[in-house]
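Subject: Structure handover

Hello,

Here is the structure I said I would pass on. My notes on it follow below.

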Amino acid sequence: MAKLDLAKLVKEAKGREQDPLKIDLGDGGKPVVLDHVPLQLFMGLERKADYSMVEWVLAVLEDFFSAEDWQRVKPILLTAPLEVTSELYDRIFDHFNLRLETADAGKGDEDSTE
C-alpha cells in the first residue's frame, strides 16, 4: 500500500513558493511571517460578498494569518488610518501575485461586450 506524507507535501510546496513576507507590527514582538497563500483564503468568498468593503478586506486579510498572529494584527488595523489596511492588503496581494476576480468582473465596463 502506498503511503502519502501530507506534512512532507506541505513542506515541499512551501519551499517552491516565493520568499516569505515578513511584517513588523511594531509591537515589540517577532515579525509575522506569511510564507504561503493558504487555501482558506479562497473559502467562503461568496459568503463574504454580503460584507461591506471594510469587512470584506478584513475578512480576506484574516484568512492569511494564523489565529495567533491575527490577534496581534487586527487591533493594529482597527485603530490605524484606513489606508494602512488598504496598503497591507495591496502589498500582500502584490507579494504573492494574487488577483481575486468575480464572475461579474468586467460587466458594465466601457470595454465590456456584455
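Predicted model: local features only at pLDDT ≥ 70, side-chain atom pairs only at ≥ 80, totals over all residues.

**Confidence and overall layout**

Confidence in the chain is lowest in helix α2 (residues 45–48), where the mean pLDDT is 71, and highest in helix α4 (residues 67–79), where the mean is 95. Over the chain, pLDDT averages 82, and 83% of the residues score at least 70.

The chain has five helices and two strands. Read from the N terminus, the elements come in the order α-β-β-α-α-α-α. The chain has 114 residues, of which 25% count as buried. Taking contacts between residues at least 6 apart in sequence, 51% join residues at least 24 apart.

**Helices α3 and α5**

Two packed helices are described by the angle between their axes and the distance between the axes. For helix α3 (residues 53–64) and helix α5 (residues 82–95), the axes come within 11 Å and cross at roughly 45°. The crossing of α3 past α5 is left-handed.

On the α3 side, the contact is made by Val-54, Trp-56, Val-57, Leu-58, Val-60, Leu-61 and Phe-64. The α5 side supplies Leu-82, Thr-85, Leu-88, Tyr-89, Ile-92 and Phe-93. Sorted by type, the residues of this contact comprise twelve nonpolar, one polar and no charged.

**Glu-62**

Glu-62 is also in helix α3. Its relative accessibility is 38%, so Glu-62 counts as partly exposed. Which residues does Glu-62 contact, leaving aside its neighbours within four places in sequence? They are Gln-40 and Trp-70. Lys-74 is twelve residues from Glu-62 along the chain, and the C-alpha atoms of the two are separated by 8.0 Å.

**Asn-97**

Asn-97 lies in the segment after α5. Phi of Asn-97 is near 55°, a positive value in a residue other than glycine. For context, most residues other than glycine have a negative phi. Is Asn-97 buried or exposed? With a relative accessibility of 58%, Asn-97 counts as exposed, because the cut-off for exposed is over 50%.

Regards

Technical notes. Residues numbered from 1 in each chain as written. Heavy atoms only, no water. Axes fitted to C-alpha atoms, helices over the stretch in contact; angles between N-to-C directions. Helix = DSSP H or I, 4+ residues; strand = E, 2+ residues; numbered from the N terminus. Left-handed = near helix turned anticlockwise from the far one by under 90°. Contact = heavy atoms within 4.5 Å. Nonpolar A, V, L, I, M, F, W, Y, C, P; charged D, E, K, R; others polar. pLDDT = per-residue confidence, 0-100. Buried < 20%, exposed > 50% of the residue type's maximum accessible area, 1.4 Å probe, protein only.
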